[in-house]
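Here is a short briefing to read alongside the sequence and the 3D structure. Keep both in view as you go.

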Amino acid sequence: MALDGITTSAIVSELKSALVGGRIDKIHQPVSDEIRMTIRGLGSGAKKVIISANSAHPRIHLTESTRENPMTAPLFCMVMRKHIAGGKIVDICQPNFERIIILRVESANEMGDITTKNLILEIMGKHSNLILTDENGKILDSIKRVTHEKSSVREVLPGKEYVFPPSQDKKNPLEAERGDFLFSLHLQEGRKLQEFIYQTYTGISPIMAGEICSRAGLDSSNSCQETTIEEGEKLYDAFDKTMAEIKSAVYQPAIYYQKENNRIVDFAVLEMTQFSGLQKKSFDSVSALLEGFYQERDNAAHIRQKAHDMRRLVMSNIERCVKKKEIQLKTRRETKGMDMWKKKGELLTANIYAVPQGVTTFKTIDYYEADMPEIEIAIDPAKTPAENAQKYFSKYNKAKRTLAALEIQEKQNNEELVYLESVLNALENAKDDADLSEIRTELAESGFIRRQVQKKGSQKPKKSKPLHYVSSDGYDIFVGKSNLQNDELTLRMAEPTDIWMHTKDIPGSHVIIRTNGQSELPEATMEEAANLAAFYSKAKNSSMVPVDYTQRKNIKKPNGAKPGMVIYLTNRTIYITPDENRVNQMKTE
């Protein structure tokens with residue numbers, strides 16, 4: 001469910017009771033479209049608030065999560081600190097049931113007078129924005145500036161007067177009356193019941209409109225014109241009861257999942273009768289719900305954004321390796337006839353006095369073959385037979401040197417390509433900033449990027465740890481998230497008798513099963529570990545993925561090998577189709 005007016009109303013209700021009366025203590029802007037504030041003076045300890053104008057996940061709610069802040073605060077963050085840091089939140093409201101939330105903050109201006117500033121969050125998909133205005137409604141700044149070139153309807157720039165987004169001429173559902181509702185319902189031509197509700201009233205999403213129909217015991221696809229008077233009454237009663245829940249703040253925040261694969265279907269702040277057959281996870285607050293629903297998605301978007309430059313660098317180097325491989329294959333094809341050149345040189349040498357003067361070809365017996373066939377050799381008439389033989393020997397020797405160098409270059413290029421694909425896989429599996437920091441360090445150590453010099457006083461990046469799962473039989477399973485981590489996990493953390501797993505000839509994570517000295521492990525544990533190895537590999541969307549396994553003592557790292565690169569000779573192989581649901585069901589610690 002998108003953040004519709006109903007969810008927005010629930011957030012406003014919760015934030016009013018939690019934040020009004022508190023003072024804004026700290027303001028940070030960890031990413032370009034997100035503000036985080038700490039509110040103090042509420043008696044129950046400091047509260048942290050996230051306000052995001054992200055085009056995919058715009059929202060505001062209380063949060064327990066933290067995010068690394070930039071060394072230098074962005075301009076909008078500095079403007080906010082100047083005008084509302086230390087200010088008191090006096091009200092939080094939702095005008096006309098729109099997807100707009102206004103935080104009214106009392107703070108001192110430059111003259112020391114107390115004035116009321118407005119921090120306005122507009123939740124409008126890709127047009128979402130966070131705007132700070134003064135007591136007269138003049139825009140002080142916005143997290144996204146909208147110029148005339150971007151929108152001829154409404155500019156959002158410092159100094160401009162703030163105006164609300166264009167109205168869609170919908171009615172406020174909290175003010176709906178029975179007579180007007182029923183009159184409007186029967187005037188609809190060609191509309192379904194669900195469409196009538198969300199297209200007539202502000203802040204109601206299609207999903208919630210369908211829920212109101214479900215509560216009335218009606219099919220949401222029924223035609224408005226064919227609806228009987230009795231059915232219309234039922235629909236209004238369900239509508240009115242839903243609005244009464246909102247007015248009295250009777251919320252039941254929950255996320256709904258499909259039972260068979262544990263995938264999220266939707267979230268809601270009211271009880272959803274249309275989802276009665278789905279698995280449900282309830283939350284104590286709307287903030288906890290939004291934190292649970294959006295955090296993973298928001299973090300994934302954040303990680304993709306931060307990893308963009310590294311991913312582009314790795315892809316560029318992969319393309320370079322692929323082009324180099326094509327050139328090497330072409331060179332190998334060109335040297336394919338080198339043995340024939342040597343043979344022709346030797347046959348010319350053996351028949352040096354039998355070659356007539358001025359001929360362009362010379363035929364002789366190929367005594368290197370068992371049936372001694374006749375072979376034709378091209379001759380340069382301008383050269384002596386000895387010089388022609390020397391020409392063939394020169395071509396052979398040059399090709400021989402080229403082939404020797406080519407084999408070294410091919411080995412280096414193939415190793416680099418395998419390594420880069422493993423880094424790309426690590427970037428796809430990165431979960432947080434610590435993972436990206438470790439991958440960046442790895443690329444710096446491998447010479448692909450310049451090593452960053454840590455500034456004095458800056459915090460050291462958090463050390464990333466391997467993923468830790470517990471099998472259904474109680475065995476610890478560890479999964480490396482980068483090549484440096486793979487080395488650490490396999491070569492230093494693992495015991496000699498632990499089981500090591502990795503997808504066969506496919507970039508992926510090292511997986512270690514703690515055997516606790518046991519020689520045989522349960523089949524379920526082996527399958528669960530193999531599933532993890534396949535899932536955290538380039539073949540996660542494939543079927544019947546081969547996963548090699550052996551004891552850790554059989555793993556060797558060649559001298560000079562790149563991070564994560566190891567060799568082994570003794571192994572067995574499991575074939576498994578990666579199952580994300582099975583991964584999600586495993587216990588983690």
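Predicted model: local features only at pLDDT ≥ 70, side-chain atom pairs only at ≥ 80, totals over all residues.

Residues are numbered from 1 along each chain as its sequence is written, and side-chain values use heavy atoms, leaving out hydrogens and water.

**Histidine 83**
- Histidine 83 sits in helix α2, residues 75-84 (helices are DSSP runs of H or I, at least four residues; strands are runs of E, at least two; both are numbered from the N terminus).
- Histidine 83 is buried, at 18% relative accessible area (buried means under 20%, exposed over 50%, partly exposed in between, with a 1.4 Å probe and protein chains only).
- Beyond neighbours within four places in sequence, histidine 83 contacts Ser107, Lys117, Leu132 and Leu140 (contact means heavy atoms within 4.5 Å).

**Aspartate 141**
- Aspartate 141 lies in strand β9, residues 139-142.
- Aspartate 141 is buried, with a relative accessible area of 2%.
- Not counting residues up to four places away in sequence, aspartate 141 touches several residues, including Leu75, Phe76 and Pro158.

**The sheet**
- Seven strands form an open sheet with antiparallel pairing, in the order β20-β19-β17-β18-β16-β15-β21 (two strands pair if DSSP finds at least two bridges between them).
- β20 (572-576) and β21 (587-588) are at the edges; each has a single partner strand, so one side of each lacks a neighbour in the sheet.
- Strand β19 (residues 545-551) pairs with β20 in the antiparallel sense over five bridges.
- Tyrosine 549 is opposite arginine 572 in β20.
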